[in-house]
Amino acid sequence: MTLPTPLYVILDRGAAGGRDLAALLDAVLEGGCRLVQLRDKTTPLNDLYPVARALQRRCREAGCLFIVNDRVDLALALEADGVHVGQDDLPAREARRLLRPDMILGVSTHDESQARRARNDGADYVAVGSMFPTGTKPGFRLVGPDLVRRVRPEIRVPLVAIGGITVDNVAEVIRAGADAVAVISAVCAAADPAAAARRFLETIRAARGSAAL
Ligand code: TZP
Ligand code: MG
């Protein structure tokens, strides 16, 4: 699988700070993002379902992939484009077994052996982080762009860098070999999320151009 876009925006209710997720999604789409994840660790599933359904519909209209964080059951019920699991969620191998074959499986990893296992368990993309310190994930493990550099040669599935990524440091992780970057606060908590998404895409494009030189 190849990721259709290098910018992966994670819609996180906490980071959105009370802003409506549908409005946030519209802004992110306007900014050019075509890969979105819903991450909501607190809303009861019964309440989250209709919200997720509405966001998914909007993504479909816009030609944007819609991935569900943590919950394989929700992803299956929605027939979402995919699900993203971490090291504390349903094991990736089990998620892969439950998902439809065409659904995307993303897995969060924090070292080489986790990245290898994720790939072997059927991940379509492997997320690595945290690239930089972040206030969004308590207890984050700081691995830096160096982990991207180390796993790049042996992990052939797309690598998504995550954690503390901003427009100012995104070029560094792209040059380290990341295919895409996943961001929460730098877009969801931005005063102008559409402009933030646009600036990310421009900066990533420029970094890719200079990496190829
Ligand atoms: N996994 C590793 S770091 C992180 C997650 C979910 C948080 C990313 O959020 P931000 O605000 O982009 O640093
Ligand atoms: Mg998780």
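Leu74 sits in helix H4, which spans residues 72-78 (helices, H or I, at least four residues, and strands, E, at least two, are DSSP runs numbered from the N terminus).

Tutor: This is a predicted model, where local features need pLDDT of at least 70, side-chain atom pairs count only at pLDDT 80 or more, and totals for chains, interfaces and linings use all residues. Residues are numbered from 1 along each chain as its sequence is written, chains are lettered from A and ligands numbered from 1 in the order in which they are written, and side-chain values use heavy atoms, with hydrogens and water left out.

Student: Is Leu74 buried or exposed?

Tutor: Buried means under 20% relative accessible area, exposed over 50%, and partly exposed in between (1.4 Å probe, protein chains only). Leu74 has 3%, so Leu74 counts as buried.

Student: Which residues surround ligand 1?

Tutor: Near means a heavy atom within 4 Å. Among the residues around ligand 1 are Arg39, Lys137, Ile162 and Val183.

Student: What lies 2.5 Å from an oxygen atom of ligand 1?

Tutor: For polar contacts, look for pairs of N or O atoms within 3.5 Å. Here, an N or O atom in the side chain of Ser185 lies 2.5 Å from a ligand 1 oxygen. In the side chain of Thr134, an N or O atom is 2.6 Å from an oxygen of ligand 1, and Gly164 brings a backbone N or O atom to 2.7 Å from a ligand 1 oxygen.

Technical notes
A polar contact is a pair of N or O atoms within 3.5 Å; within protein, one must be able to donate a hydrogen and the other to accept it, and residues adjacent in sequence count only if both atoms are side-chain atoms.
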